[in-house]
Amino acid sequence: MLRGAKEQEAYYRDAVAQFGQALERLARGYEADPDRVKDLLQDIHVALWRSFSAFDQRCSLRTWVYRVAHNMAATHLTREKKLRRQNWVTLDESLLANEPDALVVVAEKQSLERLKDLIQRLEPRDRQVILLYLEGEDAAGIAAVTGLKPGHVTTKVHRLKTVLGRQFHMDTQT
Amino acid sequence: MTPRDEHNDEGAPKDLGSLWRSQELEGCAISVEDVRARASKLQTEIYRRNSIEYVAGFAVIVIFAYHALNAETPPLRWGAILIIAGVLIASVSLFMRGSSNRNGAALAEDCAGFHRASLKRQRQMLRGAWLWYLMPLTPGLGLFVWAAAEETTEGRRIFIYVIGLGMFAFLAVLGWFIGRAAGSADGELDQAYD
């Protein structure tokens, strides 16, 4: 079902009004380079605009916006990974990681930068969970966006809290 | 609020969500008009890329249509006709299988579904590449090369056969690389959002 241009624009304006800041934070979670953050954010806005021509209310506006944004950002990330040969880690690998030198460096940064460093090392599916968690989404909301089973989301969020707690606790001890 | 106030007694930030949501933002300096213009430009770019492939196919058809009309022997004529048929089959396959995964409804799938669909599409394109794009050209190419070689002198015949073998070897190697890429897509699909 295709929406008319007026409806498409109305949904887009509504989405930007409600989630504009969240989208910018999302872009910063996927891209460290400030110039590329702007490009990614604009790509997300274009994708959102295009998507609203087919908005069929299969989910809430919030879930729709987050799905489009994360899918665009993950596509961007995968493309950049192939170009830059980056290596991501999962939340489980973060738990097992023992990088004292990295922690010494990380400890010198402000909390927000430490958080961004951690996020930008994660592979896309764990990054989606952590970013939604930080935006205040509950397990059901995270499951609706990511397509993961709610139980799986709960497990990941638990691991996430462990990783974050351990990372910041160890940082402040160095 | 000082950085110390953000931390509990163990040194961990009290509320990482609040910390994350309170970061300074620059704002997205893009108007609705700009978004509309960019979306239109993106669509044009997609059409342009697809058009290049169809134009290349059309050029091949024109060249071999000329050969078919001016061929001196039936095998040469039928070789050219089979090549034209092969290009048409490949073009139709391309049209039916190629579609942007960035259309609106596709992007609004949940992340796991979107990722799986992308990988499936990639695997399907790669697996089908040998069957739908390379194979249709093979009969016509083989007949045309043989017919062209038989019509010429002994010395040039060997040269034409060498060129023909080179083309088939190239197609075989290309098919092998495509098969490897399809296998890689299989692996990614198995791991995707398990």
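Reply: In α7(A), the buried residues are P124(A), R125(A), D126(A), R127(A), Q128(A), V129(A), I130(A), L131(A), L132(A) and L134(A). Buried means under 20% relative accessible area, exposed means over 50%, and partly exposed lies in between (1.4 Å probe, protein chains only). Helix α7 of chain A spans residues 124-134 and is mostly covered, with ten of its eleven residues buried. Helices here are DSSP runs (H or I, at least four residues), numbered from the N terminus. After α7(A) comes G136(A), and its phi is positive, near 90 degrees.

This is a predicted model: local features need pLDDT of at least 70, side-chain atom pairs count only at pLDDT 80 or more, and totals for chains, interfaces and linings use all residues. Residues are numbered from 1 along each chain as its sequence is written, chains are lettered from A and ligands numbered from 1 in the order in which they are written, and side-chain values use heavy atoms, with hydrogens and water left out.

Now the two chains together. The contact involves 51 residues of chain A and 43 residues of chain B. Contact means heavy atoms within 4.5 Å. The area buried between chain B and chain A is about 4200 Å², and carbon and sulfur atoms give 60% of that. Buried area is the accessible area (1.4 Å probe) that two parts lose on being put together, summed over both.

Next, the charged pairs. Side chains of opposite charge can pair when their charged atoms come close. A salt bridge is a side-chain nitrogen of Lys or Arg within 4 Å of a carboxyl oxygen of Asp or Glu. Over all chains, the structure holds 15 salt bridges. Between chain B and chain A, the count is three.

Take R58(A) and E109(B). They form a salt bridge, with the closest N and O atoms 2.9 Å apart. R58(A) lies in the loop between α2 (34-51) and α3 (61-84) of chain A, and E109(B) lies in the loop between α4 (104-107) and α5 (111-134) of chain B, so the pair joins two chains. R58(A) is partly exposed at 34%. E109(B) is partly exposed at 35%.

Another salt bridge links E26(B) and R28(A), with the closest N and O atoms 4.0 Å apart. This pair also crosses between chains: E26(B) sits in the loop between α1 (16-21) and α2 (32-70) of chain B, and R28(A) sits in helix α1 (residues 5-30) of chain A. E26(B) is exposed, at 58% relative accessible area, whereas R28(A) is buried at 14%.

E45(B) and R48(B) pair up too, with the closest N and O atoms 3.0 Å apart. They are three residues apart in helix α2 of chain B, so about one helical turn separates them. E45(B) is partly exposed at 30%, and R48(B) is partly exposed at 46%. Elsewhere, salt bridges that share partners join E9(A), R13(A) and R36(B) into one network.

Last, a pocket. The second largest pocket is lined by 15 residues, and A90(B), L94(B), Y133(B), L134(B) and L137(B) lie nearest its centre. Elements giving two or more residues to this lining are α2, α3 (74-97), α5 and α7 (154-191) of chain B. On a 1 Å grid over the protein atoms alone, a pocket is an open set of points where a 1.4 Å probe fits, with protein on both sides within 12 Å along at least five of seven lines; lining residues have an atom within 4 Å of a point.
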